[in-house]
Amino acid sequence: MSETFDAIIVGGGHAGVEASLALARLGFNTCLVTSDPARIAEMSCNPAIGGLAKGHLVKEIDALGGEMALAADATAIQFRRLNTRRGPAVRASRVQSDMDRYRDRMVEVVHSCPNMTVVSGMVEEILFENGRVSGVGIEGGQSLHTANVILTTGTFLRGLLFTGLSTTHGGRAGDRAAEKLSDSLLRLGLTLGRLKTGTTPRLIKDSIDFSVCEEQPGDRIVVPFSRRSAGLPLPQQSCYITYTNERTHAAIRAGLDRSPLYTGNIVGRGPRYCPSIEDKIVRFADKERHQIFLEPESLERDWIYPNGLPTSLAEDTQLAMLHSIKGLEECRVARYGYAVEYDFVKPTQLYPTLECKAVPGLYCAGQINGTSGYEEAAAQGLLAGLNVACKLRGRPEIILRRDQAYAGVLIDDLTTLGTEEPYRMFTSRAEFRLLLREDNAWYRLAEIGHEVGLVPESEIEAVRAEMRLIESEIERARSVSIPSSDALEKLFASRGIETSRPGYTRENLLKRPELEAADLSEIDPEFSSLPETVREQVELELKYEGYIKRQKDAAARLIELEELRIPKDFDYRSVGGMSREVLEKLETLRPATIGQATRISGVTPAAVSLVIIALTRRRNRP
Amino acid sequence: MNFAINDIIAAISTPTGMGGIAVIRLSGCGSHELAKRFFKPLAQNCGFEANRMYAGWIIDAENGEPLDEALYVRFAAPRSFTRQDVVELQIHGGGRHARFILDRLLENGARLAEAGEFTMRAVLNGRIDLTRAEAAADLIAARSDGALKAARRQLSGELFRMCENARRQIVSTLAMMEAYIDFPEDELPQHDRIAECAALDEIRLLLEKAADTYRRGRLLAEGALVVICGAPNVGKSSLMNRLARRERSIVDSAPGTTRDVVEEPYQAGGVAVRLADTAGLREAEGVEARGVEMAWKQLDSADLVVWVVDASRVPGREESLISERLKDREGILLLNKCDLPAPAEAPKPEKLWPQAAALHISARNGDGIEHFEKLLEEKLCGEGSPAGVPLITSARHHTALSGAAKALIRAVDAINNGQEAEFVACELREALSALADITGATANDELLEDIFSRFCIGK
């Protein structure tokens, strides 16, 4: 085959799917190369989408025109809203997905997408000519040509799987690793690191005694991730909770001598927020028990995912550990847990567009950049895809700011600070957390999705109309008065509020911590006739106005600096007056904007001032 | 640390010390709106036209009280040094009022300018040509190194340790809140609201104490104004002469800049002092009234007031006037002329000025002068800082400490009002960001490290 593609995506995981769909849907001749076209968007770990900060990412992907939210809705078998008793910014949605249906749906969507060619194969080499990418070489000698390659290889780069003392090569259970691609990346001058992550054993459903576990049903009210979804079509399932105990911990301790974590076989660093069960037992020896969530993997397949038990202990240790746990005494194991260690590209080598600084035309997205999580991968895949599209069209690149999206925080953190462990998104990473809510993802990002072409006219018009209505209703709420009435008195009495004035505006009532939009709806028929999303936005924007304004002011100062772009060929040596250490950092990292430069650790305000002055001089030069 | 380029920056652009005039400069959108709150023009219907100088009074925005005469110039963007809105306030009467106004500006939305920042804005906005831009760059490079070294010298000691300790404790509280937010399904220890508030209050108190030392620290850095007052002919001038004589071999005396106030330089401990002799305080009319009015004003702006009373006479009308004026302040009460016989109804210090330290002296023969000088030193330099509390001498550090303390007050309020954790976290992050000028910024990763080392996270 000698066809030339606009872009080639290497890897069919959650990042690869979003990248390739975005490009193909925008009309580009797109090729997805994957080692197994039937396992596209496989959930290699837990069968869930969303959660704190991750649910936010899913909604952002939706607003930008990505696929993940739709797939999660179509295959959800349990919906939960987390943190409902906390403020609006940290409430988050999560679903348990039927992972078989999720994968099968994505396979169908990708294979039926126009402009998409799916190639089955193992990429071994990035072809490089005349100072830029020219294609990929596939195992067996075939070459595919393109000027833009997006690498989304997940854990497959020189992947090693560990269970006890046994080590096998593989990208994940049942799949071969990409053994040669790493060498090609090293030859291109990229620096690679090594990370580790782990997964739990999978259990056979009918060998578990759920009757002795706590049932954790989903929410009664379900809300789809996607604005485009009508609802969640599948029947809702329960999860179950059980706990480890002293016998479990003893069994684990007895098997530590054959744990690859402690024998030194694993060199890659694992995530601190998702330690293996053996790590938890060793580091928190005083803790009497650990929670285990028993989660269904699919409606038909009888596999259960015991969340909380990622492990690479030997098989017999895993079995002894499992059998000591209430409800799992008789359980049978469908697949043992294992750790996977893999190469990643140090992400500070990337521009915030996710293009490698040293290899024009080569983009990286997802776990290859050191992240973990389907949502983090998908967000990067989508943005890499969109940035390739922008480049192909000669349009300005898309760099989301930290006050604009979690996806922006994610990519900025990776490309500015790098990571030493698998990077997961947390809400605490977002300094403008109050602005980045699930409920306003579309208002934040849909214009960008529309401009690039993934959000159609009809949708953006609806969003714009909503935004206009919200704005005018916020202003109106300040003046619309709610007259005293029996209903109001009753409401106040029931919340212990003392009536102190003759009348109130909507704003007065919505600002009270004791009252919410639903209360106002009961006594204010006009308000209750507004669409629910509008009522919600009016309430949140007014109730938290002071805090939101503070963050917006801080963000405004950031935006000025993000708008000061630093040319890619900027010569830091010509600046003068900077210490060697700062100079080296700036030269290595090559920040895209002054804003990014300010966030590099060790770069002083004075150095940033000097760069700003030098940039201005350059601009003013005839 | 701050890199913004359009917000309001302010600084005293004349050298610190004993200059007769100080200039405060502001640049950025809204400079005029902010600065004019502290200025009352003499002219009615003053339009504050650009590039015109207006005479008027610096006022305390809270009560409208005039503090000092001043000149006000507004430069409208883009016709200014930085091509932004610029205000320059020339303040008559030295650095003290300038500092007071600068502090008010900083509390009300301005930010203390970094070294070379005005010039940088000028360069950025194309106001300065290339050669001068080079010079600006050199200036920033040189000054910031110097400032850094100076900061490091100061930070090697107690201040840094205290702030670093406060920072760690705030991080630890914040980590707990973030853990509740980000890991709602993990089994975390119970939330102890009361202990949390107590811990934050303790840190806040320490930060406030340190911020409060700025008054004394500033005296050390910038010098103190000691005003000697009293009724006519009680011996103020003799006292001045005696003190000045002792000093004359070290420093030259200089005439005062204000007609009715005579100033002498003097040293007390490490503090450079201006001793000001005022007109005799009494009820007066006409031209004399103006002089007396100036003397009263001088009292208000003094760092320390020394009141001289004639111990050989019965206190009269003047004494009760002064007593009324000084009753809420601290200071030194000198009962002069103790070499003369005291009358039957001798002045009683505890009645005249209960808050003061009282001392018998004779300016004529020198009795008690040495004692008085010791007392002066003690009052100005204090007995040192409270234990464990460092002395603050820089406005930047004062801003950082008081900013952090205020954010902690809001955090505790938010906890007590039952605000959700993410809003409390907001305040704690502001406290950390205020402290960052002293301790350096807190990296997100430190927060996560704290969470993961204390709590077993991860389902």
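**Sheets, loops and the A–B interface**

Ile9(A) sits across from Ile150(A), a residue of S11(A). This is a predicted model, in which local features need pLDDT of at least 70, side-chain atom pairs count only at pLDDT 80 or more, and totals for chains, interfaces and linings use all residues. Residues are numbered from 1 along each chain as its sequence is written, chains are lettered from A and ligands numbered from 1 in the order in which they are written, and side-chain values use heavy atoms, with hydrogens and water left out.

Strand S2 (residues 7-10) and strand S11 (residues 149-151) of chain A run parallel and are joined by 3 bridges. Strands here are DSSP runs of E with at least two residues, helices are runs of H or I with at least four, and both are numbered from the N terminus. Two strands count as paired if DSSP finds at least two bridges between them. On that basis, 5 strands of chain A make up an open sheet with parallel pairing, in the order S7-S3-S2-S11-S22. Strand S7 (116-120) and strand S22 (362-364) of chain A are at the edges; each has a single partner strand, so one side of each has no neighbour in the sheet. On average, neighbouring strands of this sheet are turned by 20° against each other, direction ignored. For such angles, axes are lines fitted to C-alpha atoms (for helices, over the stretch in contact), and values run from 0 to 180 degrees between N-to-C directions.

Chain A also has an open sheet of 3 strands, this one with antiparallel pairing and the order S4-S6-S5. Its edge strands are strand S4 (48-50) and S5 of chain A, each pairing on one side only. The twist here averages 20° from one strand to the next. S4(A) and strand S6 (residues 92-97) of chain A run antiparallel, with 3 bridges between them. Gly50(A) has Arg94(A) in S6(A) as its bridge partner. Helix H2 (residues 54-63) of chain A lies across S4 and S6 of chain A, at about 75° to S4(A).

Two loops are worth a look. In chain A, Asn83(A) is in the loop between S5 and S6, and it has a positive phi of about 60° although it is not a glycine. In chain B, a cis peptide bond links Ala77(B) to Pro78(B), with omega about 0°. Pro78(B) belongs to the loop between strand S5 (66-75) and strand S6 (86-92) of chain B.

Now for the interface. Here 56 residues of chain A are in contact with 51 residues of chain B, contact meaning heavy atoms within 4.5 Å. The two chains, A and B, bury about 4,900 Å² between them, 59% of it on carbon and sulfur atoms; buried area is the accessible area (1.4 Å probe) that two parts lose on being put together, summed over both. The rule finds 8 salt bridges across the interface of chain A and chain B, each being a side-chain nitrogen of Lys or Arg within 4 Å of a carboxyl oxygen of Asp or Glu. Arg289(A) forms a salt bridge with Glu187(B), with the closest N and O atoms 3.2 Å apart. On the side of chain A that touches chain B, strand S5 (76-82), helix H8 (277-283), strand S18 (291-296), helix H19 (545-562) and helix H22 (605-620) each supply at least two residues. H22(A) gives the most to that side, with 10 residues.
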